[in-house]
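Colleague: I have a few things to ask about this model. Can we go through it together?

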Amino acid sequence: APPPPQYGHQGGYGQSHAGGYAGYAHPPPGPPPGIDPTLYSWFQAVDADRSGSISAEELRQALVNGNWSHFNSETCRLMIGMFDKDKNGTIDVHEFAALWKYIQDWKQCFDSFDRDRSGTIDAGELHQAFSTFGYRLSIEFCHLCVRQFDRANVNTMKLDDFIQCCVMLKSLTDAFRRFDVHQAGVIQVSYEQFLEMVLDNTLTV
């Protein structure tokens, strides 16, 4: 995703104010220790209400897919939940640093499977991605995933849908493996255990 939109249109550099020039009278505080200055400037740009933390909606406004559409709200909520260590519904600058790296890693992965550079991936490209991740899944299942996460009804997935799909798959696979003690690829669970697996995935993903 490209850097968040620029900010600071008012009170720009060189505009005179009583007490000195903007940027000199009251210089903004620097980034916290261990935080890259560029990443910190992005964090401040995304933090629209200047609360010192970022919500899922603020994140959604900052992230775009290859076709410049904003990320969907569900994927942003999912990612905020993954990195929100204190579970207050927002992420601070340190959590944002980890989230930003996570997004960049997923984008690099997505781009590597987007063979035709369309900004989307189809079921065949998704099948290649799953195989690379170590999942032995049929092409029919990949078509099902595309239909499930294709919000535009064009038989492809954008970056945000790809992230959500892969995180869901990992979450369900982890739940499955807790019962697959012999790594046979087959489990026997009760109806209630099955419901717990699905609900846990739905509520945490």
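Modeller: First a term: helices (H or I, at least four residues) and strands (E, at least two) are DSSP runs, numbered from the N terminus. This is a predicted model, where local features need pLDDT of at least 70 and side-chain atom pairs count only at pLDDT 80 or more, while totals for chains, interfaces and linings use all residues. Residues are numbered from 1 along each chain as its sequence is written, and side-chain values use heavy atoms, with hydrogens and water left out.

Colleague: How are Phe96 and Trp100 placed in helix α4?

Modeller: They are 4 residues apart there, so about one helical turn separates them. Their ring centres are 5.5 Å apart and the planes are at 35 degrees, so the pair is tilted. Rings of Phe, Tyr and Trp (its six-membered ring) pair if their centres lie within 6.5 Å; planes under 30 degrees apart count as stacked, over 60 as edge-to-face and the rest as tilted.

Colleague: How many aromatic pairs by that rule?

Modeller: The count is 10. In one of them, Phe83 and Tyr102, the ring centres are 5.2 Å apart and the planes at 65 degrees, so that pair is edge-to-face. Phe83 is in helix α3 and Tyr102 in helix α4, 19 residues apart, so the pair links distant parts of the chain.

Colleague: Which residues form the aromatic cluster?

Modeller: Phe83, Tyr102, Trp106, Phe110, Phe113, Phe133 and Phe162.

Colleague: And the largest nonpolar core, how many residues?

Modeller: It has 45 residues, and Met79, Leu126, Phe130 and Phe162 have the most contacts inside it. The largest share, 10 residues, comes from α4. Such a core is a set of buried Ala, Val, Leu, Ile, Met, Phe, Trp, Tyr and Cys residues joined through side-chain atoms within 4.5 Å; buried means under 20% relative accessible area, exposed over 50%, partly exposed in between (1.4 Å probe, protein chains only).

Colleague: Switching topic: how many disulfides?

Modeller: The search of the whole structure finds 0, a disulfide being a pair of cysteine sulfur atoms within 2.5 Å. For Cys142, the nearest cysteine sulfur is that of Cys145, 6.1 Å away.

Colleague: Last one: what is the nearest side chain of opposite charge to Glu125?

Modeller: Arg115, 6.0 Å away. Glu125 is buried and has no salt bridge, meaning a side-chain nitrogen of Lys or Arg within 4 Å of a carboxyl oxygen of Asp or Glu. For charge, Lys and Arg count as positive and Asp and Glu as negative; His and the chain ends are not counted.
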